[in-house]
Amino acid sequence: MKRTTTRRQREMQHFMADNRRLFPFAILFLAGVGVGVAVYLTAKHSLPSDLLTLTPVGAGAAGWMHTLGEACFSTVVLLGVLYLLGLWACGVPFILLVPLFHGVGLGLTEAYYYGTGPHGVLTVAVLVMPVGLLSAAVLAAACAESLRLSAGLSRQLLPGGAEGGLWNGFRLYSLRFLLFLAAAMGVAFLEVLLRQAVL
């Protein structure tokens with residue numbers, strides 16, 4: 001029993017060490033969800049409901065593609081913003097706002113659907129939360145990568161900073177963002193399937 005506990009503790013320590021760069025973004029995301037819920041509770045009568053609701057999947061291939069574009073739009077835009085912020089030496093404070101912003105949007109949507117009754121709670125449990133958490137994971141990884149390059153550029157500009165080209169780092173940075181984009185499209189595809197099942 002003691003040996004099993006020690007092994008689990010070691011595994012937890014390895015997990016924490018391997019993912020330490022992602023935890024601040026996860027905390028900011030959760031804080032954003034809390035802010036979104038609070039904003040909805042205080043101003044729900046003045047918020048337009050069409051900004052908080054998810055539209056059902058339209059008929060045919062055109063409706064499916066439209067819903068897919070709608071599902072991935074916000075995540076793809078935030079990935080584009082993060083990509084550009086990573087190329088800016090002063091981008092770090094703005095990078096930290098991205099998971100907070102994403103969390104606010106998710107919190108607003110969750111609070112709206114919770115207020116609509118049992119079907120809304122089911123929608124949150126089956127559709128909104130899983131997709132929101134997957135999108136948050138993609139954005140947290142992108143935030144960590146963007147922060148890494150932005151901090152590296154800052155170090156290059158400081159007196160006594162390390163000299164050398166950043167071309168290889170930039171190529172790896174771009175490749176990783178292409179992978180993040182592919183992951184975001186996969187999450188959007190899953191969202192469309194869930195919308196068909198739930199909405």
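These legends accompany close-up views of a predicted model.

**View 1. The chain holds seven helices and zero strands.** Read from the N terminus, its elements run α-α-α-α-α-α-α. Of the 199 residues, 35% count as buried. The chain exposes about 11800 Å², and carbon and sulfur atoms supply 71% of that area. Among contacts between residues at least 6 apart in sequence, 80% join residues at least 24 apart.

**View 2. Helix 6 covers residues 118–157.**

**View 3. W88 and F94 form a stacked aromatic pair.** A search of the whole structure finds eight aromatic pairs. In the pair of W88 and F94, the ring centres are 5.3 Å apart and the ring planes meet at 20°. Planes under 30 degrees apart count as stacked, so this pair falls in that class. W88 is partly exposed, with a relative accessible area of 40%. F94 is likewise partly exposed, and its relative accessible area is 40%.

**View 4. Four aromatic residues, Y83, Y173, F177 and F180, form one cluster.** Y83 belongs to one aromatic cluster together with Y173, F177 and F180.

Technical notes: Residues are numbered from 1 along each chain as its sequence is written. This is a predicted model: local features need pLDDT of at least 70, side-chain atom pairs count only at pLDDT 80 or more; totals for chains, interfaces and linings use all residues. Side-chain values use heavy atoms; hydrogens and water are left out. Helices (H or I, at least four residues) and strands (E, at least two) are DSSP runs, numbered from the N terminus. Buried means under 20% relative accessible area, exposed over 50%, partly exposed in between (1.4 Å probe, protein chains only). Contact means heavy atoms within 4.5 Å. Accessible areas come from the Shrake-Rupley method with a 1.4 Å probe; for residues, only the protein chains shown count as cover. The expected span of a helix is 1.5 Å times one less than its number of residues. Rings of Phe, Tyr and Trp (its six-membered ring) pair if their centres lie within 6.5 Å; planes under 30 degrees apart count as stacked, over 60 as edge-to-face and the rest as tilted.
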